[in-house]
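Here is a short briefing on one protein chain. Please look over the sequence and the fold before reading the points below.

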Amino acid sequence: MKKCNKLAALALAALALSACCDQASIRGTLADAPGRTIAVKQLDINTFRNLDSVKVAADGSFSYKVKVAKGQPEFIYLFYGDTRIAALLLEKGERVTVEADTLGRYTVSGSKGSEELAQVDRAYSDFIAKLQAHENEPTAQTRDYIQHYRDNIRYVIEHPFSLTTVPVFFERLGTAPIFSQPSDALLFRKGADSLLTVYPDSRYVQALSKEADRRLKILQIDSQIREAGEAAFPDIVMPDIKGERKALSEVDAKVVLVHFWDASDAAQKMLNIDSLLPVYKEYHNRGFEIFSVCVTPDKPEWASSVLAQKLPWINVNDGLGGASPAVITYNVQKVPDSFLIIDGELNTKPIDGFEGFRKELARLLR
């Protein structure tokens, strides 16, 4: 029994030690600010969240402990008033030493990530200082921006597995992101994929991955718009209910109805049966096709509707709902909504209701 009690006590001690070590400690000095207060803030992707405040002792020293989970380093920033006096990237169990002054100059030791982040922080501060120095020289400011943009690209490429790339990716100049080119999406995707192999549970990396997805969608839309001049209409490429790739540009028909709809709306499902299906049966063999784009995010619900209604035309859905590039490209504000492509050209002439649509088909497909 005594042996069991000892084992239990050891287990409890181990758990307590583990919980105690589930943190990082900060010790430092702030020159010329005895008795003042330091604000401790946590990076929330691209904004700061107030975490706590620390009082500076009479000798200028201060200390603080931050909860840090294993595999999920935290970005912690120290502020004196509105001045940022330290930027830290803390791993579980690290003990960091900071020496700072009230002007924002600081050094950090005891944490490789924090030391690298200090360099990133300094590079950004130097960039802002150059812009301010060239306030009345637009050409010089443009040169400064291009150089900083290139330096950021070089940094994220040379540090693929460092979390310090996250604030670099999200750097802003006022409200505008430093990485503002559509092609930067590829850099974001590569950076996020590399970091996910090391920090799969990090909320910072997950946010970067989400931003990469968003930018890739914009890049796809930009590509579709640029190619639209050649194709005469923006292409749509989506999977059908079998998961096979279907492209609007590959539809071989004289007249194509691009139809956006919602499978969760009973009225729109009835439209398929009562209106579209009779027209399809009458004109399909004469050169008419329907390219039906469903905006329902629930793909199983959509697939069930297509199968239950036995819809014979091309049915696609990317599961992105209103965020689908096709919805954005065709400026679909509400569904149902339809567009006609006639002889490879997007029809821009208004059609007077469904009866007008049938008359137009009868004229085109005699």
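Buried means under 20% relative accessible area, exposed means over 50%, and partly exposed lies in between, with a 1.4 Å probe and protein chains only. Helices (H or I, at least four residues) and strands (E, at least two) are DSSP runs, numbered from the N terminus. This is a predicted model: local features need pLDDT of at least 70, side-chain atom pairs count only at pLDDT 80 or more, and totals for chains, interfaces and linings use all residues. Residues are numbered from 1 along each chain as its sequence is written, and side-chain values use heavy atoms, with hydrogens and water left out.

**Overall build**

- The protein chain holds ten helices and 17 strands.
- Its radius of gyration is 29 Å, well over the 21 Å that the globule rule gives for 366 residues, so the chain is more spread out than a compact globule.
- That radius is taken over C-alpha atoms, and the globule rule is 2.2 Å times the number of residues to the power 0.38.
- The C-alpha trace spans about 95 × 80 × 35 Å along its principal axes.
- Of the 366 residues, 43% count as buried.
- Contact means heavy atoms within 4.5 Å. Among contacts between residues at least 6 apart in sequence, 63% join residues at least 24 apart.

- Strand E5 covers residues 74-80, and seven of its seven residues are buried.
- Both faces are covered. One side carries Glu 74, Ile 76, Leu 78 and Tyr 80, and the other carries Phe 75, Tyr 77 and Phe 79.
- Two strands pair if DSSP finds at least two bridges between them.
- Strand E2 (residues 37-44) pairs with E5 in the antiparallel sense over four bridges. Gln 42 has Ile 76 of E5 as its bridge partner.
- Strand E6 (residues 83-90) also pairs with E5 in the antiparallel sense, over seven bridges. Glu 74 has Leu 90 of E6 as its bridge partner.
- The hairpin of E5 and E6 has two residues between the strands, and Gly 81 there takes a positive phi near 65°.

**The five-stranded sheet**

- Five strands form an open sheet in the order E15-E14-E13-E16-E17, with mixed pairing.
- E15 and E17 are the edge strands, each pairing on one side only.
- E16 and E17 pair in the antiparallel sense over two bridges. Ile 342 has Glu 345 of E17 as its bridge partner.
- Is Asn 315 buried or exposed? Asn 315 is buried, with a relative accessible area of 6%.
- The side chain of Asn 315 reaches the backbone oxygen of Trp 313 at 2.9 Å. A polar contact is a pair of N or O atoms within 3.5 Å; within protein, one must be able to donate a hydrogen and the other to accept it, and residues adjacent in sequence count only if both atoms are side-chain atoms.
- Leaving aside residues up to four places away in sequence, Asn 315 touches Pro 239, Asp 240, Ile 241, Ser 292, Trp 302 and Val 306.

**Helix H7**

- H7 bends by about 45° at Leu 276, and Pro 278 follows within four residues. The bend at a residue is the angle between axes fitted to the seven residues ending there and the seven starting there.
- Asp 265 caps the N-terminal end of H7, with a side-chain oxygen 3.1 Å from the backbone nitrogen of Ala 267.
- The buried residues of H7 include Gln 268, Asn 272, Leu 276 and Tyr 283.
- Their cover includes strand E13 (255-261), strand E14 (288-294), H8 and helix H10 (353-364).

**Backbone exceptions**

- Most residues other than glycine have a negative phi, and most peptide bonds are trans.
- Lys 310 has a positive phi of about 55° although it is not a glycine. Lys 310 lies in the loop between helix H8 (299-309) and strand E15 (314-316), and counts as exposed at 69% relative accessibility.
- Asp 343 has a positive phi near 50°. Its place is the loop between E16 and strand E17 (345-346).
- A cis peptide bond joins Val 335 and Pro 336, with omega about 5°. Pro 336 lies in the loop between helix H9 (325-329) and strand E16 (337-342).
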